[in-house]
Amino acid sequence: MTLNALGRSFTAFRQRAGLPAELSLHALRHSYTTHLLEAGYDPLFVQEQLGHSYASTTSLYTSVSSDFKQRVVQQMITRRLRMEDSGG
């Protein structure tokens with residue numbers, strides 16, 4: 001099945017299900033990327049899953065939540081404080 005045929009099939013099923021037009025295969029790709037990163041998967045693994053040569057391309061697909069960003073910042077701060085406490 002070609003990508004165009006897959007897109008047409010997806011659109012038909014989406015319309016029958018009464019889902020919004022904004023839901024597309026491309027939107028699902030973005031969601032997949034975001035969910036993998038938020039679940040803690042290695043960014044290189046995610047990049048390979050998407051078939052991207054560059055991490056900068058993969059970053060265009062991410063829309064991580066504010067909660068996720070806050071958790072990552074907090075983890076970095078905690079890690080840094082531990083390094084300082086241990087003399088590192």
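Let me start with the buried residues of H2: they are Thr 33, Thr 34, Leu 36 and Leu 37. Buried here means under 20% relative accessible area, exposed means over 50%, and partly exposed lies in between, with a 1.4 Å probe and protein chains only. These four cover an arc of only 165 degrees around the axis, which puts them on the same side of H2. The arc is that of the directions from the helix axis to the C-beta atoms. What covers them includes helix H3 (43-50), helix H4 (55-59) and helix H5 (66-85). Contact, throughout, means heavy atoms within 4.5 Å.

This is a predicted model, and local features need pLDDT of at least 70, side-chain atom pairs count only at pLDDT 80 or more, while totals for chains, interfaces and linings use all residues. Residues are numbered from 1 along each chain as its sequence is written, and side-chain values use heavy atoms, with hydrogens and water left out.

Staying with H2, it runs over residues 25-38, which is 14 residues. From first C-alpha to last, H2 reaches 20 Å, close to the 20 Å expected at 1.5 Å a residue. The expected span is 1.5 Å times one less than the number of residues in the helix. After H2 comes Gly 40, with a positive phi near 95 degrees.

Now H3. Its buried residues are Val 46, Gln 47 and Leu 50. They cover an arc of only 100 degrees around the axis, which puts them on the same side of H3. H2 and H4 are among what covers them.

On to the chain as a whole. The protein chain has five helices and zero strands, and the order from the N terminus is α-α-α-α-α. The radius of gyration is 18 Å, well over the 12 Å that the globule rule gives for 88 residues, so the chain is more spread out than a compact globule. That radius is taken over C-alpha atoms, and the globule rule is 2.2 Å times the number of residues to the power 0.38.

Along the principal axes, the C-alpha atoms fill a box of roughly 60 × 30 × 15 Å. Of the 88 residues, 15% count as buried. Among contacts with a separation of 6 or more, 36% are between residues 24 or more positions apart.

Some distances go with that. Arg 8 counts as exposed, at 56% relative accessibility. Leu 81 sits in helix H5 and is partly exposed, with a relative accessible area of 46%. Between Leu 81 and Gly 18 there are 50 Å in space, C-alpha to C-alpha, for 63 residues in sequence. Ile 77, also placed in helix H5, is partly exposed at 42%. Its C-alpha lies 30 Å from that of Ser 53, with the pair 24 residues apart in sequence.

Next, charges. Side chains of opposite charge can pair when their charged atoms come close. How many salt bridges does the rule count? The count comes to one, where a salt bridge is a side-chain nitrogen of Lys or Arg within 4 Å of a carboxyl oxygen of Asp or Glu. The partners are Arg 80 and Glu 84, at 3.3 Å, N to O. Both lie in helix H5, four residues apart, about one turn of the helix. Arg 80 counts as partly exposed at 47% relative accessibility, and Glu 84 counts as partly exposed at 46%.

H5 itself has 20 residues and reaches 28 Å from first C-alpha to last, close to the 28 Å expected. Gly 87 follows H5, and its phi is positive, near 85 degrees.

Last, Arg 14, which is in helix H1 (residues 3-16). Arg 14 is buried yet has no salt bridge. Which side chain of opposite charge is nearest to Arg 14? That is Glu 22, 7.5 Å away. For charge, Lys and Arg count as positive and Asp and Glu as negative, with His and the chain ends not counted. Leaving out residues up to four places away in sequence, Arg 14 touches Leu 19, Pro 20, Ala 21 and Leu 23.

Technical notes:
Helix = DSSP H or I, 4+ residues; strand = E, 2+ residues; numbered from the N terminus.
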